[in-house]
Amino acid sequence: MDDPRSRHVAHVSNHANVSEGKAGRFAKGERMSGRTHAPSHSLPQVDMNPGPIAAGGHSRARSRAASLAQMRRSKRRARAIGIGAVVIIITIVVAFLVGTRVFLKTTDANFEDEASNAAEALAPSTDEPIIFLLEADLSFGDRAEESDHAYGFMLARLDTEGNKLSFLTIPGRLQVEVSSGEVVALEDARDYGGDAETIRVVSDLADLKVNHFVSTNAQGLSRLVDAVGGVEIEILTEIDDPQAGNIVIPPGVHTLKGEEALVYLRNTNSPRGFEQTAQDRVGFTFRLLARALDTQGFDFANIISEASNYVSTDMSTSYLMDLANAARPLSDLAVFESIVPFVDIKEDGRTVHQLNSKEWSAVLDAFVKGGDRGAINDSAIPPSEVSVEIRNGANIDGAGARLGTILRGFGYPVDAIGNTNDGTIYPETLVIYTDSIYAGAAQDIVSEISSGRVVNGGDYYSSNSDVIVIIGSDWSATD
């Protein structure tokens, strides 16, 4: 079909060739001659001498004609350039939209696990808070059966309006009742009804509706860690656990890559056993998320695309990106962690765990309320009875003194302010209690300074104060 724009462009091109005196589609004859001599007929006849006056008139006329022709050529050229620019912009926009659609379609397909029936047990997430069930199979080789904690299960509760993120670690070998009435380990629940059965069991256990399910395995987690460039972790004591892997990790701050991360997450060879493992897994999960959310735009899209190869979830790519935008920056969220309380028993030659129902109600309330002190300790201790030691682990001058002023303003007696003496720059603020009676107070301090993570210090920390606050580089008040 004949395109009017094509005729117009051809006309502009042909006219330009004629005006510039170049050989083109038009001959130089009649039109060229008419345009050149037309001005001479309008000149007044001063005398019969055609000398300088006639010559000067022709020159000015030619100049005006040339200027008009140049203006017309410029306008037409500008119009052609404008049309071309619009076409290019439209092409780029269309290509971007098509590329985005292909990207979303591809990553959505990668995230989806066709063999999973998780959607059958998930509840719609129309409002916050949002509850996620995270599952990771950390087993490897012939050591899977030897490890009590090869499977990692975690409930995460995100409340961006309340600026809270809570984690509840669930032992993989916690005894639960499946739909058939049998009592099995949580890690075996899928054998009785797939992912949907695992979700139902956890929902019944916590009396909560699970909105989203995320699952990965050791290989996937390792590659995901490598995709974000590693995760920085402070190792307090040497990790040397044959059941975790063949890598030994010395104390200090390390940026753990894939295989090292797996050893760290599997490790149970510590004085505090699984309690320490659970705490390490929560801290690692938070830092992995923070590392991913530190990226923006195409970089974050690339991480999402990479993750889709190793993670299965019911969430779409666009939903994940919206969720990431709502949660940024993670440092603004107060983070709380807890573990489903249990007691160990032996069954068929392996250790399994029974729910400690006496402590479960308080722990569950703390998870739901985001670390409200009253939920953990009914005899809430007033700030005036909680002594605090502050250690500056961020290497920022005056940070300890400023935090001391803030905490005194909330009523906490500050016993001592100083620097950490281990030569480590702490990336994250730690609020540490060594006696469980002060767990609620530690969580209150996290809320009041809008930073940090509550840590059960156990045998790792000692102080004459009830709570130790180690300032990390994430504490915004030091900026």
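Biologist: How many residues in the lining of the second largest cavity are nonpolar, how many polar and how many charged?
Modeller: Bear in mind that this is a predicted model. Tyr counts as nonpolar, while Asp and Glu count as charged, so each lining residue can be sorted by its type. Sorted that way, the lining of the second largest cavity comes out at twelve nonpolar, seven polar and six charged.

Biologist: And which residues lie closest to the centre of the second largest cavity?
Modeller: That cavity holds about 340 Å³ of space. Of the 25 residues that line the second largest cavity, the closest to its centre are E234, L236, Y264, Q276 and D280.

Biologist: Which element gives the largest share of the lining of the second largest cavity?
Modeller: β7 (231-235), α7 and β16 (453-456) each supply at least two residues of that lining. The largest share is six residues, and they come from α7.

Biologist: Let's step back. How many cavities of 30 Å³ or more does the structure hold?
Modeller: The chain around them has 13 helices and 17 strands. Of its 479 residues, 44% count as buried. As for cavities of 30 Å³ or more, the structure holds four.

Biologist: Which residues lie nearest the centre of the largest cavity?
Modeller: About 1000 Å³ of space lies in the largest cavity. It is lined by 40 residues, and those nearest its centre are L134, V214, T285, L288 and L289.

Biologist: How many charged residues are in the lining of the largest cavity?
Modeller: Go through it by class: 33 of the lining residues are nonpolar and five are polar. The charged residues number two.

Biologist: What about pockets: which element gives the most to the lining of the second largest pocket?
Modeller: That pocket has about 530 Å³ of space. Among the residues nearest its centre are F286, R287 and P427. β7 and α7 each supply at least two lining residues. With five residues, the one that gives the most is α7.

Biologist: How many charged residues line the second largest pocket?
Modeller: The pocket is lined by 21 residues. Nine of them are nonpolar and five are polar, and the charged ones come to seven.

Biologist: Now the rings. Is the pair Y151 and F153 stacked or tilted?
Modeller: The count of aromatic pairs comes to two. In one of them, the ring centres of Y151 and F153 are 6.2 Å apart and the planes are at 15°. Planes under 30 degrees apart meet the cut-off, so the pair Y151 and F153 is stacked.

Biologist: And is the pair Y264 and F284 stacked or tilted?
Modeller: Here too the centres are 6.2 Å apart, but the planes of Y264 and F284 stand at 40°. The pair links distant parts of the chain, with Y264 in helix α6 (residues 258-266) and F284 in helix α7, 20 residues apart. An angle of 40° makes the pair Y264 and F284 tilted.

Biologist: Which residues does S166 contact, apart from its neighbours within four places in sequence?
Modeller: S166 lies in strand β3, and at 1% relative accessibility it counts as buried. The C-alpha atom of V335, 169 residues away along the chain, is separated from that of S166 by 5.7 Å. With the sequence neighbours left aside, the contacts of S166 are L155, A156, R157, F336, F367 and G370.

Biologist: And S139, is it buried or partly exposed?
Modeller: S139 sits in the loop between β1 and β2. The side chains of S139 and D137 are joined by a polar contact of 2.6 Å. With a relative accessible area of 22%, S139 is partly exposed.

Conventions:
Residues are numbered from 1 along each chain as its sequence is written. This is a predicted model: local features need pLDDT of at least 70, side-chain atom pairs count only at pLDDT 80 or more; totals for chains, interfaces and linings use all residues. Side-chain values use heavy atoms; hydrogens and water are left out. On a 1 Å grid over the protein atoms alone, a cavity is a set of points where a 1.4 Å probe fits but cannot get out, and a pocket is an open set with protein on both sides within 12 Å along at least five of seven lines; lining residues have an atom within 4 Å of a point. Grid points are joined across faces, edges and corners, and a volume is the space filled by probe spheres set on the points. Helices (H or I, at least four residues) and strands (E, at least two) are DSSP runs, numbered from the N terminus. Buried means under 20% relative accessible area, exposed over 50%, partly exposed in between (1.4 Å probe, protein chains only). Contact means heavy atoms within 4.5 Å. A polar contact is a pair of N or O atoms within 3.5 Å; within protein, one must be able to donate a hydrogen and the other to accept it, and residues adjacent in sequence count only if both atoms are side-chain atoms. Rings of Phe, Tyr and Trp (its six-membered ring) pair if their centres lie within 6.5 Å; planes under 30 degrees apart count as stacked, over 60 as edge-to-face and the rest as tilted.
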